[in-house]
Amino acid sequence: MSSENKKGEQKQLRPLSTVRNGEKVKLVRIDAGRGLNSRLASMGLVPNVEITVISNRQRGPFMLSIKNSKMMLGRGMANKIIVL
Amino acid sequence: MTMKNITVALAGNPNSGKTSIFNMLTGAHQHVGNYPGVTVEKKEGLRRYAGYEIKFVDLPGTYSLTAYSIEELLARNFIIEQQPDVVVDIVDASNIERNLYLATQLIEMNVPLVLAFNMSDIAKQKGLIFDTEQLSRLLEAKIVPTVGNKGKGKTELLNAIVETAERGKIERTHKVSYGDEIEEELAKIEAIVIDKKCRLLEKYESRWLALKLLEQDEDITSNVERKEILDVVGPCIEHLRTIFSDEPEIIIADRRYGFISGACKETIKSTVELRHSISDAVDAVVTNRILGLPVFLVLMFLVFILTFKLGEWPMDLLDTFFNQLGKTITGFWPAGSENWLQSLLVDGVISGVGGVIVFLPNILLLFLAIAFLEDSGYMARAAFVMDSIMHKIGLHGKSFIPMLIGFGCSLPAIMATRILENRRNRFTTIMVIPLMSCGARLTIYALIIPAFFPQQWRGPVLWIIYLTGIILAVSCAKVLRLTLFKGETTPFVMELPPYRMPTLKAICMHTWQRGWVYLKKAGTIILAISILLWAATSYPKPSEKDLAGLNVQEVRQAELIHSVAGRIGRTIEPIIQPLGFDWKIGTALIGATAAKEVFVSQLAIVYAVGSADEKSETLRQKLQANYSPLTGFCVMLFCLISLPCVATLAMTKQETNSWGWALFQFAGLTILAYIITFGVYQFGRLIGL
């Protein structure tokens, strides 16, 4: 599934862990159990929220920014968050 | 004049400054305890204001009020069961939207609500302007701007609390709406809940119950006694799943944010372009791929130095004080007439109490450093930097800090595990901390190594001992995480709060509270055990006849051998012989359970060398004459792996809230020590050492 934006570029659904530093993406869904989903939701990670990736190294934890706060996620979790 | 009582609960996100507001409202009148049965802290405080006696309860910091974590359940249940007159939600005004998520849940619970817009100075700096009147109307709660760590807004907050308490519960007009589809299902569930007179209605309101059931809240769902209700809920959830291709729970969360977003759009203006703040600049260095680790190590080094080097001076002072006290008390008895009371007071009580208090400077300094790191926001970055390494052992990045402190002393190290939120990580870390060779054991190494090893071997041998400790700690942590404390790798999600300059007042308060808890709790246990050990090494005493003709050292030697400790030492000799030990070492080990430093002095007594410390050449000669280097090494190995002291035991009990775990640690380490020392000794003999 993909969608085109104004410039005609194709955008794909992908895991957050593949997004590069400085990119802004939108959250689509989280492929995780209810407990994790709920916790992330209460910290602001709900569908359609805008996420800015601050630090994505190939290994180690992942840093992002949503609304006005910075968060750190384990790599496993960044894999489960699907964005566009 | 009789005062009216009101109870006020403080809720809020972690990092919202809730603690500083609590401190601001209660001053010094605070009491820290635990929620019954769990290791979650409960803080209460009192204040008199406007004719009321106000009890403040500081609820655990949470992002939400679901049933997924124990902190959230505790917070939620407190509000429902204790029915506080007012709930104050402390909100970080510079991060409003996320913080209000909790507020919407409190609104759903229809509690009398006051919102404290904390850190309003930072919000102002960021150029945020609030139309508090309108927002207050929309949320149907009074809003008070505060700056907790500077004490601003106290009076206004207290006034708001009193007014809200006097007004009592209101019927809300602006409810959070979840959209037509969900509202339809909610109505269905509400209807059946009321119709079947669900017993939960005694405690909860029907709309809230319906909402929780739709969210599949485990706590509520498992308590519904009527199957008919659940039979209606199921299809509602299925229906919503189909429409939204997502769990109702998530859609409801999304709608809450929608509500917040709507309310904020109308009432909050941003006048300054949000530019990259200082926080981001610091982070660029501190979490930098290359610089992050060195920065962290330097800071850890500083913490270590602060705790142990700086702590030396007051510790020596306290040591001297207690020695003097002992001498003064002894002075009450004319020389030669000392009896059991004198011994109990000086060698038991004063020695015991002194032993506890002497640690206080260490602990206070350590917690001062930790409070600074936490309040400034650095701690979260430290976890980020250390995570990749600690993850391999199955531990959290933050575990590194208590383990590092363990190289100085296990006591403050175990207390420091409070910075770990996850229970499994915490317990695992607590279990392996004693394997980090502590300062007390150094005295044993300082005695034994020069006694048995030539100059060029001494450094390497010491290195080997420390390294063994580290390797064992890492292995044990790994094993524990795979077995007893098994759990999916902790979902690692952590907020990185903006950097703030901690106020002196705040860190001093945090520090003092920790120190007080240590004194009260650990202190009493350590004292009790010290007295027990004193009795075990002093009684029973040999008869006058047996002591005839012996000099001072020999008398002490005879007394020790004759005592309970001495007898135990002899009894266990057959068991420890395969390790290369004899009853003399055994006796010294028994005495050393009080504190590892005592091993040296106990050994000195057993060998009738009189009072000696680790530098004593006489004692070293005795050792050389009686044991092989292999045995010497094994003694160090055994001391390394087994529990350093009863104080550690007491600390583990306190931090795990269970004697069971403390004894598990004791047994586990002792058995591990035995097996490894056995292996090393036997292997050594085999290859002819």
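Analyst: Let's begin where the chains meet: strand 7 of chain A pairs with strand 10 of chain B in the antiparallel sense, over 4 bridges. Within that pairing, A:Met71 stands opposite B:Glu495. Please keep in mind that this is a predicted model.

User: Which strands make up the open sheet, and in what order?
Analyst: There are 7 strands, in the order 3(A)-8(A)-4(A)-5(A)-6(A)-7(A)-10(B), and the pairing is antiparallel. Strand 3 (14–15) of chain A and strand 10 (493–496) of chain B are the edge strands; each has a single partner strand, so one side of each is left without a neighbour in the sheet.

User: How many bridges join strand 3 of chain A to strand 8 of chain A?
Analyst: These two antiparallel strands are joined by 2 bridges, with strand 8 covering residues 81–83. There, A:Pro15 is set opposite A:Ile82.

User: Which helix lies across strand 7 of chain A together with strand 10 of chain B?
Analyst: That is helix 16 of chain B, residues 378–393, which runs at about 135 degrees to strand 10 of chain B.

User: How should I read the interface as a whole?
Analyst: The size of an interface is often given as the accessible area lost when the parts come together. Here we can count residues instead: the contact takes 30 residues from chain B and 30 residues from chain A. On the side of chain B, the elements that give two or more residues are helix 3, helix 11, helix 16 and strand 10. Helix 11 of chain B gives the largest share, 5 residues.

User: What does each chain look like in terms of secondary structure?
Analyst: Chain A has 2 helices and 8 strands, and along the sequence these follow the pattern β-β-β-β-α-β-β-β-α-β. Chain B comes to 32 helices and 10 strands, and its C-alpha trace spans about 95 × 65 × 55 Å along the principal axes.

User: And how do burial and contact range read for the two chains?
Analyst: In chain A, 39% of the 84 residues count as buried; in chain B, 46% of the 689 residues do. For contact range, take the contacts between residues at least 6 apart in sequence: 52% of those in chain A join residues at least 24 apart. The corresponding share in chain B is 71%.

User: Which residues touch the most other members of the largest nonpolar core?
Analyst: That core has 201 residues, and the ones touching the most other members are B:Leu10, B:Val114, B:Leu115, B:Ala116 and B:Met636. Its largest share, 10 residues, comes from helix 15 (residues 360–376) of chain B. To see one member up close, select B:Leu10: beyond its neighbours within four places in sequence, its contacts include B:Phe22, B:Phe56, B:Leu59, B:Val88 and B:Ile90.

User: How do I describe a pair of packed helices?
Analyst: Two packed helices are described by the angle between their axes and the distance between the axes. For helix 7 and helix 8 of chain B, the axes come within 9 Å and cross at roughly 115 degrees, and the crossing is right-handed. Residues making the contact include B:Ile189 and B:Val193 of helix 7, with B:Leu209 and B:Leu213 of helix 8 among their counterparts. The residues of this contact divide into 9 nonpolar, 1 polar and 3 charged.

User: Which residues of helix 8 of chain B are buried, and what covers them?
Analyst: In helix 8 (residues 206–214), the buried ones are B:Leu209, B:Ala210, B:Leu211, B:Lys212, B:Leu213 and B:Leu214. Their cover includes helix 3, helix 7, helix 9, helix 10 and helix 11 of chain B. After helix 8 comes B:Gln216, with a positive phi near 60 degrees.

User: Where is B:Lys152 found?
Analyst: B:Lys152 sits in the loop between strand 8 (142–145) and helix 6 (154–167) of chain B. With 16 other C-beta atoms within 10 Å, B:Lys152 is partly exposed. Leaving aside neighbours within four places in sequence, B:Lys152 is in contact with B:Thr146 and B:Val147.

Notes. Residues numbered from 1 in each chain as written. Chains lettered and ligands numbered in written order. Predicted model: local features only at pLDDT ≥ 70, side-chain atom pairs only at ≥ 80, totals over all residues. Buried ≥ 20, exposed ≤ 12 C-beta atoms within 10 Å, placed from the backbone. Contact = placed C-beta atoms within 7 Å. Pairing = 2+ DSSP bridges. Axes fitted to C-alpha atoms, helices over the stretch in contact; angles between N-to-C directions. Core = buried A, V, L, I, M, F, W, Y, C linked by C-beta atoms within 7 Å. Left-handed = near helix turned anticlockwise from the far one by under 90°. Nonpolar A, V, L, I, M, F, W, Y, C, P; charged D, E, K, R; others polar.
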